[in-house]
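Hi,

Here is the structure I promised to pass on. Have a look at it first, then read my notes below.

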Amino acid sequence: MIVGELEKNYMQINEMAEKLGIEQQEDGMLKEKLALLDAEHNDELDLKDFEYICSIIDDRRALISKYEKNLKTQKTLIAEYNHIDIDEHIIEFFQSLFIVKKKLTDRRIIHYFEWGNKNIHFYDVVNHKQTKYLVDFDKYIPKFCRTVVTDHGRLFCIAGRHQDNMCCNWMLEYIEEKKCLEHRALLNDPRSDFTAIYDGEMDRIYAIGGNDAKNFYTNCEYYDVNEDKW
């Protein structure tokens, strides 16, 4: 409600600003007409000039009345919202926006990346339908990779091992429109058999622990989805 009122007030202020601009132009013409009235010789004035002056006065009266009405509305709104915690309502607004976003992006799809080849499987939980795609990618999907879906519906395949059992530091994103995998920023450390967690509040993906096929890791790193940076 508050956002709607602010938008409405913004539009009213813009409308007033445009009318004030028109008034400034009219003021120049009005001053010329009134100067002729004050002059000793005002033979140049005719009935149209008087009608013009009267119309301007009537328009100004109507505009002043509208301004007064708008000011009363603003005073009422200020009185109504004076006791409201604006920060709390802004938080509620963004929480509602987040819920709507979740409803739009939550497609209830289970995915599975088939290690050692180029197949990705999707299962529609609602419609009980399974789909398999051969993705456009020049390599095989790494073994022991981890996959994560963000709140925005972006699907990532993280690290794992190549066919020769060497760990990799790939960060791949599945592009549904093209049915392909695209490289993103590389991890700092090649790793396999790790835990991947998505933090929706920070929009980050964490890669925790794992190994490099020789040693176990006790460290972790995170991926900033918006910045495309580990």
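The charged end of Arg 204 lies over the ring of Tyr 222, 4.0 Å from its centre (that is, CZ of Arg or NZ of Lys within 6 Å of the ring centre and within 35 degrees of the ring normal). Before you go on: this is a predicted model, where local features need pLDDT of at least 70, side-chain atom pairs count only at pLDDT 80 or more, and totals for chains, interfaces and linings use all residues. Residues are numbered from 1 along each chain as its sequence is written, and side-chain values use heavy atoms, leaving out hydrogens and water.

The structure has seven aromatic pairs. One of them, Phe 122 with Tyr 174, is tilted, at 5.5 Å centre to centre and 40 degrees between the planes.

And which residue is buried, with a relative accessible area of 0%? That's Arg 191 (buried means under 20%, exposed over 50%, partly exposed in between, with a 1.4 Å probe and protein chains only). The side chain of Arg 191 makes a polar contact of 3.4 Å with that of Asn 219 (N or O atoms within 3.5 Å, one able to donate a hydrogen and the other to accept it; sequence neighbours count only if both are side-chain atoms).

Cheers

Key
Rings of Phe, Tyr and Trp (its six-membered ring) pair if their centres lie within 6.5 Å; planes under 30 degrees apart count as stacked, over 60 as edge-to-face and the rest as tilted.
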